[in-house]
Amino acid sequence: MNSRKNYTGIVVALLLIALWFTSLVILFRWDVIFSNPLTWLGILFQTHLFTGMFITAHDAMHGSVFPQNIKINHAIGKICTRLFMFNSYKTLRPKHYLHHRFAGTEKDPDYHKGNAIFVRWYLDFLKEYISLKQFILVAITYNLLAFVVPQANLLLFWVIPSVLSTLQLFYFGTYLPHRGEHAPDNRHRAHSQSKNHLIAFLTCYFFGYHYEHHDAPATPWWQLWRMK
């Protein structure tokens, strides 16, 4: 990866953070009218940006946001995880490495705990990463923001998109790629969605090209389509 692409990574990350923040500020001031399609579009748009924040943090875990300076790289990752409802980069990073090392096995923290039913697997997935401290910080932030932001806006454009984003990340980044049986020569124990770059981006920032991600984990999300 050349220097230009390395700098592109941090530019993309900072633009995504800025877009997430700007969108949130605008939506916090949005006049919520449920008959207005733009209200629902705002929920979906903010969900997609939440997902992008996590994907950026994920890239930082692999050192691909800013490889020239690993401290800045991890700082970006920490910012993104904190903005994503106070997730812990320190907790996520080592567990993600275990996922890559032991994908689709009992040692994989993202793999189902003996029950591959979607809802059960999803709940197990959440329990693996959500902490009491995180709930407390979200509750405090919610109540502080409620002094200046209507509660309907908080729920529709901050709380609900964050929950929908976890579903999006789990479904396209864990459930679909790692469910079911895998061929003996599939060393990553991962499926990959069909080649359609637009759908791949809209669904999960090309993360549905999951075998390709496991095969080249240092490839940032915005280049992952090239690996397909």
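The part I'd like to start with is the loop between α4 and α5, where His112 is placed.

Analyst: Happy to. First, some ground rules: this is a predicted model, where local features need pLDDT of at least 70, side-chain atom pairs count only at pLDDT 80 or more, and totals for chains, interfaces and linings use all residues. Residues are numbered from 1 along each chain as its sequence is written, and side-chain values use heavy atoms, leaving out hydrogens and water.

Now to your loop. It runs between α4 (89–101) and α5 (118–129); helices here are DSSP runs (H or I, at least four residues), numbered from the N terminus. His112 has 19% relative accessibility, so it counts as buried. The cut-offs are under 20% relative accessible area for buried, over 50% for exposed, and partly exposed in between, using a 1.4 Å probe and protein chains only. The side chain of His112 has two partners to look for. One is the side chain of Tyr111, in a polar contact at 3.4 Å, and the other is the backbone nitrogen of Asn115, reached at 3.3 Å. A polar contact means a pair of N or O atoms within 3.5 Å; within protein, one must be able to donate a hydrogen and the other to accept it, and residues adjacent in sequence count only if both atoms are side-chain atoms.

Gly104 sits in this loop too, and it is buried because its relative accessible area is 17%. Follow Gly104 across to His188: these residues are 84 apart along the chain, yet their C-alpha atoms are separated by 7.9 Å.

Then there's Lys113, which forms a salt bridge with Glu128, with 3.5 Å between the closest N and O atoms. Lys113 belongs to the loop and Glu128 to helix α5, so this pair ties together parts that are 15 residues apart in sequence. A salt bridge here is a side-chain nitrogen of Lys or Arg within 4 Å of a carboxyl oxygen of Asp or Glu. With 45% relative accessibility, Lys113 counts as partly exposed, and Glu128 is partly exposed too, at 23%. Lys95 joins these two in a network of salt bridges.

Let's move on past α5. Ile130 lies in the loop between α5 and α6 (132–145), and its relative accessible area of 35% makes it partly exposed.

Next up is helix α7. Its 28 residues (151–178) should span 40 Å at 1.5 Å a residue, and the end C-alpha atoms are 37 Å apart, which agrees. That expected span is 1.5 Å times one less than the number of residues. Look at Tyr171, though: α7 has a kink of about 40° centred there. The bend at a residue is the angle between axes fitted to the seven residues ending there and the seven starting there. Just after α7, Gly180 takes a positive phi of about 70°.

How many salt bridges does a search of the whole structure find? Six. Another of them joins Asp215 and Arg187, at 2.6 Å from N to O. Asp215 is in helix α9 and Arg187 in the loop between α7 and α8 (197–204), so parts 28 residues apart in sequence are tied together. Arg187 counts as exposed at 59% relative accessibility, whereas Asp215 is partly exposed at 39%.

Finally, Glu212 forms a salt bridge with Lys228, with the closest N and O atoms 3.5 Å apart. This pair links distant parts of the chain, 16 residues apart: Glu212 in helix α9 and Lys228 in the segment after α9. Glu212 is buried at 14% relative accessible area, while Lys228 counts as partly exposed at 29%. Lys228 also sits 6.9 Å from Lys195, C-alpha to C-alpha, although the two are 33 residues apart in sequence.

Notes. Helices (H or I, at least four residues) and strands (E, at least two) are DSSP runs, numbered from the N terminus.
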